[in-house]
Amino acid sequence: MTTGVTAPGVVRVHVPGRSVRHDLRAIKIVLHREMLRFLNDRTRMVSTLVQPALWLFVLGTGLGTLVSRGPAEGVDFRTFIYPGVIAMTVVTTAMFSAGSIVWDREFGFLREMLVAPVGRASIVIGKCLGGGIVATVQGVIILALAGLVHVPYSPTLILTLLGEMFLASVTITAFGVSIAARMKNMQSFFGIMQMAIMPMIFLSGAMFPLAGLPGWLAFLTKINPLTYAVDPMRHAVFGHLSVSPAAMEALNPGVHWFGWRVSTGVELALVALMGLALLGLAIAQFRRTD
Amino acid sequence: MTTTEAPAVAVRGLRKSYGDFEAVQGIDFEVRPGEVFGFLGPNGAGKTTTISMLCTLTRPSGGSASVAGHDVVKERDEVRRNIGLVFQDPTLDGYLTAEQNLRFHAELYGVPREAVAERIRQVMEMVALWDRRDAKVNTFSGGMKRRLEIARGLLHSPRVLFLDEPTVGLDPQTRSAIWGYINRLRHSEDITIFMTTHYMDEAEYCDRIAIIDHGQIVVIDSPEALKASVGEDRVQIHTADDERAITALKERFGLDAALREGVVTFAVPAGEAFVPRLFAELGLPISSVSVSRPSLDDVFMNYTGSTIRDAEGESGSSAWMRAMARR
């Protein structure tokens with residue numbers, strides 16, 4: 001060493017080369033930051049809860065007086081939209097998490113991540129898993145309300161819903177990140193987010209059953225990816241209710257492709273596949289910003 | 001470390017253009033290990049673009065550059081592992097605490113787990129922020145944020161620390177405190193420092209300076225040698241009629257004077273001895289006169305033909321340049 005004398009007591013750290021272990025640490029810390037940010041931001045937690053509570057208890061109660069007749073007799077409308085509201089909560093929270101990338105860009109923190117000697121993939125995966133966990137945690141609060149809308153607190157139901165929520169959250173976060181990767185400011189991201197979320201929720205069967213719809217509407221619901229995340233949740237909830245076969249038929253009709261009822265396994269596989277594809281897209285988007 | 005003897009930074013014909021605009025036009029220089037190397041020039045001269053290329057954030061359009069012995073294009077991760085960065089604009093997460101910000105960095109850079117806690121304490125103590133470690137960064141002043149960024153840039157023991165305008169926008173007291181840390185660093189950390197600045201007085205702290213203007217390096221040398229190369233003192237006079245004074249200086253003394261920042265300015269050897277002659281022979285009333293030894297300002301003027309502030313005024317592209325570099 002020709003330069004300077006290292007002062008006594010100085011810990012010179014040696015940073016080893018790239019390894020899987022290092023990538024995992026990077027994923028973990030990006031994820032960890034998402035959680036910290038979520039826990040620190042009480043306003044966000046509360047604000048993302050207001051909307052589902054409104055849907056569930058205000059709109060659900062109001063519309064319920066109209067809807068709960070005919071074949072759906074005896075089933076509370078709020079019970080029907082409950083899985084839909086879970087999906088909505090999860091989607092909104094996940095999109096918010098994804099949007100934080102735009103925030104990071106605006107406030108410079110993204111640069112700190114992009115100049116680090118880690119792959120873009122680690123950062124994107126960390127972000128998507130973090131968004132997934134945060135959205136699932138937010139969904140847990142809705143799960144806690146199950147009793148108020150006559151849904152039993154069955155351990156199998158809760159576990160099933162948790163798994164389905166997490167899968168949907170990661171996929172939606174990946175979707176959001178692939179949009180956010182190229183966005184320069186929050187306003188345009190939120191604009192696009194509104195534009196994407198509203199139709200997706202409306203056409204997913206979250207608010208009304210996917211039975212007896214006119215052809216064009218039925219078609220739109222079938223090509224909407226969110227449909228395949230909502231239907232398994234509804235299926236799980238209705239599996240734990242005792243309702244008449246007629247009501248089951250009317251409220252939990254499932255998704256049909258050319259007369260075949262798509263099984264839950266296929267639906268979940270579809271969501272997972274989309275999630276992976278979107279994750280790949282998000283990573284590619286990030287690599288392009290180099 | 002085997003790379004110590006090689007130049008810390010080596011740049012050959014480095015170029016960057018944005019469309020038709022050539023921000024950096026083929027520059028060459030080397031930074032020796034352990035040096036504090038200053039990159040000096042007005043905003044828009046190509047400083048930030050150069051630093052972005054050296055930090056692997058911007059791809060060069062041509063030429064090559066290596067940092068800590070690694071090519072900035074082909075060995076990007078190696079370069080990144082070996083450099084610390086402090087940007088002009090803050091890159092901290094204000095919602096996290098100071099320590100959480102550093103921990104994030106340590107994990108992202110793969111600092112060995114057993115060393116993380118001790119190293120974080122050490123760099124935070126160096127910038128006197130250890131007792132504020134649990135405070136949210138949002139509550140920090142501009143100077144504290146900059147100090148924290150310097151600490152973060154050092155966390156993974158980089159070979160080269162890049163400081164892009166480290167003191168811009170800070171009050172004089174904080175500026176001198178930051179320089180205190182930088183000077184101490186050179187001894188405690190065995191590190192090369194590459195910094196950009198457009199404050200002439202700060203350039204004096206550097207071992208060597210490169211003056212860059214319009215995307216080209218004009219001169220590289222130590223501050224002393226650069227000042228000696230100017231050789232002449234700077235004289236500034238206030239008169240009732242500046243235009244006539246400039247003409248008279250040309251006719252009677254053969255001196256090229258010009259208005260710099262609103263004052264008639266010219267360079268002359270042995271300025272103080274010249275003043276009596278000036279009063280006697282100019283033929284115009286002079287209301288005040290000042291003579292100064294060559295400063296880096298004069299060096300800059302000597303090599304680029306304008307003061308750094310004048311040069312900034314003319315460069316309308318600086319805001320755009322920064323936007324490009326910022327992404």
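This is a predicted model: local features need pLDDT of at least 70, side-chain atom pairs count only at pLDDT 80 or more; totals for chains, interfaces and linings use all residues.
Residues are numbered from 1 along each chain as its sequence is written, chains are lettered from A and ligands numbered from 1 in the order in which they are written, and side-chain values use heavy atoms, with hydrogens and water left out.

Residues 80-103 of chain A are 100% helix and 0% strand, with end C-alpha atoms 36 Å apart; for residues 189-211 of chain A the values are 61% helix, 0% strand and 34 Å. Helices (H or I, at least four residues) and strands (E, at least two) are DSSP runs, numbered from the N terminus.

In chain A, helix α2 (residues 42-67) packs on helix α5 (residues 120-143) at about 55 degrees, their axes lying 11 Å apart. The contact (heavy atoms within 4.5 Å) involves Arg44(A), Met45(A), Thr48(A), Leu49(A) and Pro52(A) of α2(A) and Val134(A), Gln138(A), Ile141(A) and Ile142(A) of α5(A).

In chain B, strands β1 (residues 9-18) and β2 (residues 21-31) pair antiparallel over eight bridges, pairing requiring at least two DSSP bridges. Strand β1(B) is also joined, antiparallel, to β4(B) (residues 62-67) by five bridges. Arg15(B) has Gln25(B) as bridge partner in β2(B) and stands opposite Gly62(B) in β4(B).

Definitions and conventions:
Axes are lines fitted to C-alpha atoms, for helices over the stretch in contact, and angles run from 0 to 180 degrees between N-to-C directions.
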